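Hi,

Here is the structure I promised to pass on. Have a look at it first, and then read my notes below.

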Amino acid sequence: MSKVIVVTSGKGGVGKTTSTASIGAALAQMGHRVCVVDFDVGLRNLDLVMGAERRVVYDLINVAQGDAKLAQALIRDKRIDTLHLLAASQTRDKDALTDEGVERVIGELRERFDYVLCDSPAGIERGALLAMRFADEAVVVTNPEVSSVRDSDRIIGLLDSRTRRAESGARMDKQLLLTRFDSGRSSRGEMLSVADVLDILSIPLLGIIPESEDILRASNLGAPVTMSGVLSPAGRAYSDAARRLAGETLPMVVAEEKKTLLTRLFGRRAA
Amino acid sequence: MSLFGFFKSRGTAPVARERLQILLAHERVSLGPRDLAAILRDELLATIARHVEIDPEKLSVKLDRSGAFSTLEIDVEIPSEQMLSGGIQGARASAA
């Protein structure tokens, strides 16, 4: 049975693309057939984070408009065979995507893959609505920060009203992925706690990803954190989130970034 | 955390939490409808689940505001063996 999951947030820069790539890679490593789809037309980045930026020939718009076959546009990951990418267009007009075109592509992806992860653009405009439109469930990526929480609340409202599932009267499952979490700052009352965010948004928790230097290192290399042999705390947190998404029950662990004496003395590093 | 910060009152998170709660309570109403159908669906599901065990997928709530008047369509499928023991009339209840 195929599942289409939208990774969305409303706010930009909270970690949608990183989360899509990391969870996609983790699900593929578990043996599932996975396709990650970039819906951010004009500002594509998933290809870069996945390390496949030089292999993009055809993209989502080409397939949606019928200019290319899906098989021609799918990019198979060189490290994990069951992982594929469908890139967004860099140049074309974002209005080139239509409801019908996207519905057809999603339908074709359902036939080939166990999981289709749709990386939504930021905002609540057409692109974000199209990314969620045909999804079965949603991962809402949120930072423990007021503007991100507010935007996530808006997105939850849209998931409950503007998706095909919601319109047909069915339940749209939504889970919260709390990213860039700093357990130290949260316990000192400097950052919203996990309980605060859950209480405000009232959707179930999928995972807590610690603020981590490993994330930047992973995107520098084009290798999602869940791909390395020995998992960092962030890689472990993403891997656990992927397993929960696949139906496993795991204890929720709040990973902590290890701090050296120097960083403790000289305060926080630049993010 | 600088040395001076240490002496100041710490913890701005409670302020953030309170501001968000007030703001979102307001926005959910004014930007409304945080989909009435979804809210009704969740609450109906909770109510029904107190009495009979049902598959959440078998409850459908449709709100149609397109015509001259609005209609609310609720469709619940209840397993027949539970219906007998629970004394509920009709396996499928439909209201419009």
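A cavity, in the sense used here, is a set of grid points where a 1.4 Å probe fits but cannot get out, and its lining residues have an atom within 4 Å of a point. The idea behind it is simple: rolling a probe the size of a water molecule over the atoms shows where empty space is left. Keep in mind that this is a predicted model.

Around it you'll find Thr18(A), Ser22(A), Val49(A), Ile215(A), Ala218(A), Ser219(A), Pro224(A) and Val225(A). Two elements of chain A, α1 (16–29) and α11 (213–221), each give two or more residues to that lining, and α11(A) has the largest share with three. By class, the lining has five nonpolar residues, three polar ones and no charged ones.

The second largest cavity holds about 30 Å³ of space. Its lining is made of Met50(A), Ala52(A), Arg55(A), Ile75(A), Arg76(A), Asp77(A) and Leu85(A).

Now over to chain B and its helix α2, residues 13–30. With 18 residues at 1.5 Å each, the helix should span 26 Å, and its end C-alpha atoms are 25 Å apart, which agrees. Which of its residues are buried? They are Ala13(B), Ala16(B), Leu20(B), Leu24(B) and Glu27(B). These cover an arc of only 65° around the axis, which puts them on the same side of α2(B). The spacing makes sense if you remember the general rule: an α-helix has 3.6 residues a turn, so residues three or four places apart point the same way.

What does the buried side pack against? Its partners are α7 (146–159) and α10 (194–201) of chain A. The face turned away from the buried side carries exposed residues, namely Pro14(B), Glu18(B), Arg19(B), Ile22(B), His26(B), Val29(B) and Ser30(B).

Arg180(A) isn't a glycine, yet its phi is positive, near 55°. It lies in strand β7 (residues 173–181) and is partly exposed, with a relative accessible area of 33%. Ser202(A) also has a positive phi, near 40°. You'll find Ser202(A) in the loop between α10 and β8 (205–210) of chain A, and at 53% relative accessibility it counts as exposed.

Cheers

Note on methods: Residues numbered from 1 in each chain as written. Chains lettered and ligands numbered in written order. Predicted model: local features only at pLDDT ≥ 70, side-chain atom pairs only at ≥ 80, totals over all residues. Heavy atoms only, no water. Helix = DSSP H or I, 4+ residues; strand = E, 2+ residues; numbered from the N terminus. Expected span 1.5 Å × (residues − 1). Buried < 20%, exposed > 50% of the residue type's maximum accessible area, 1.4 Å probe, protein only. Arc of directions from axis to C-beta. Contact = heavy atoms within 4.5 Å. 1 Å grid on protein atoms, 1.4 Å probe; cavity = no way out; pocket = protein on both sides within 12 Å on 5 of 7 lines; lining within 4 Å. Nonpolar A, V, L, I, M, F, W, Y, C, P; charged D, E, K, R; others polar. Points joined across faces, edges and corners; volume = space filled by probe spheres on them.
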